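Please open the structure in your viewer and keep the selection panel at hand. The tour goes from strand to strand and then to the ligand.

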Amino acid sequence: MHSALNVKMIKLIVANWKMNKTVEESCLLANELKNLLKNEKNVDIAVCPAFTSLHPVSKELKGSNIKLGAQNMHFENSGAYTGEVSPSMIKDLGCEFVIIGHSERRESFNEDDSLINKKLAAALRNGLKPILCIGENWEQRLNEETEDILEYQLLKCLSGIESIKDLVIAYEPIWAISKGNPNQKAATKADAEESHLFIRKVISGIYEEETAKNVRIIYGGSLKPENAKELLSMPNINGGLVGNASLNAKSFAEIVKAAK
Ligand code: PEP
């Protein structure tokens with residue numbers, strides 16, 4: 001294995017608020033985070049509120065060190081797609097990031113790798129930084145298919161995409177995602193590191209080794225203050241995608257502080 005494939009880079013910690021919080025609650029949380037994290041340097045921080053809160057949170061975070069992301073988008077910029085939101089619309093609201101292919105969207109909204117591929121290409125075309133979520137379910141892990149699944153998802157999702165300079169990959173083992181259960185166990189640091197290193201190896205096969213060294217691979221799945229330090233100190237883990245623990249300002253701030 002290419003153990004020297006990674007380079008030390010500034011970590012990225014992203015909050016995925018999922019379908020939680022009204023506009024007022026979102027602004028309150030953003031305001032608390034702005035205050036708690038105002039002195040944090042050498043770490044990149046982003047929050048991904050629901051679509052309805054993107055604009056007000058964008059205003060709340062103006063001038064702060066916290067960036068904005070969306071949780072999803074369509075791949076077209078406009079048209080007859082009732083209920084959808086486009087890349088140019090989220091960009092217009094100040095989003096720098098967009099989560100693409102989250103396992104909850106794959107499971108509940110039938111998103112497959114070819115749709116995710118279109119969304120990734122559209123995000124990059126529109127100057128957004130996509131956070132591509134990949135990961136195996138429990139059955140696949142038990143059947144020792146983790147690496148096959150990760151490789152398959154990467155090959156399909158990145159098909160035809162020439163530059164991944166702005167791409168972030170989130171390794172999210174589906175079995176570790178809390179679904180709101182604070183007692184859910186995360187992957188061990190050894191298991192997570194093994195998958196991250198494998199992802200980097202696959203990227204070095206598709207692109208140049210230099211690209212693989214520089215791509216950010218962040219971990220998601222029950223990341224919390226109690227386990228953040230050990231997971232985020234692994235050489236191939238370049239940050240975290242945080243669901244449940246990001247709904248509370250103090251716990252998200254602790255995770256951010258553990259990232260340095
Ligand atoms: C997620 O679903 O992206 C996630 C990381 O959730 P949690 O932290 O709640 O496991």
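Begin by selecting strand β7 (residues 216–220) together with strand β8 (residues 239–242), which run parallel and are joined by two bridges; strands here are DSSP E runs of at least two residues, helices are H or I runs of at least four residues, and both are numbered from the N terminus, while two strands pair if DSSP finds at least two bridges between them. Within this pairing, pick Tyr219, whose bridge partner in β8 is Gly240.

Before going further, note that this is a predicted model, in which local features need pLDDT of at least 70 and side-chain atom pairs count only at pLDDT 80 or more, whereas totals for chains, interfaces and linings use all residues. Residues are numbered from 1 along each chain as its sequence is written, and side-chain values use heavy atoms, with hydrogens and water left out.

Stay on β7 and show its side chains: Arg216, Ile218 and Gly220 point one way, and Ile217 and Tyr219 the other way. Five of the five residues of β7 are buried, so the strand is largely enclosed by the rest of the structure; buried means under 20% relative accessible area, exposed over 50% and partly exposed in between, with a 1.4 Å probe and protein chains only.

Now select the ligand, which 14 residues surround, the closest being Lys18, His102, Glu172, Ser178 and Ser222; a residue counts here if one of its heavy atoms lies within 4 Å. An oxygen atom of the ligand is 2.8 Å from an N or O atom in the side chain of His102, and a ligand oxygen is likewise 2.8 Å from an N or O atom in the side chain of Glu172. For Ser178, a polar side-chain atom lies 2.5 Å from an oxygen atom of the ligand. Taken alone the ligand exposes 290 Å², of which the protein buries 99%, these areas coming from the Shrake-Rupley method with a 1.4 Å probe.

Finally, select Leu231 in helix α10 (residues 225–232), which is buried with a relative accessible area of 0%.

Conventions. A polar contact is a pair of N or O atoms within 3.5 Å; within protein, one must be able to donate a hydrogen and the other to accept it, and residues adjacent in sequence count only if both atoms are side-chain atoms.
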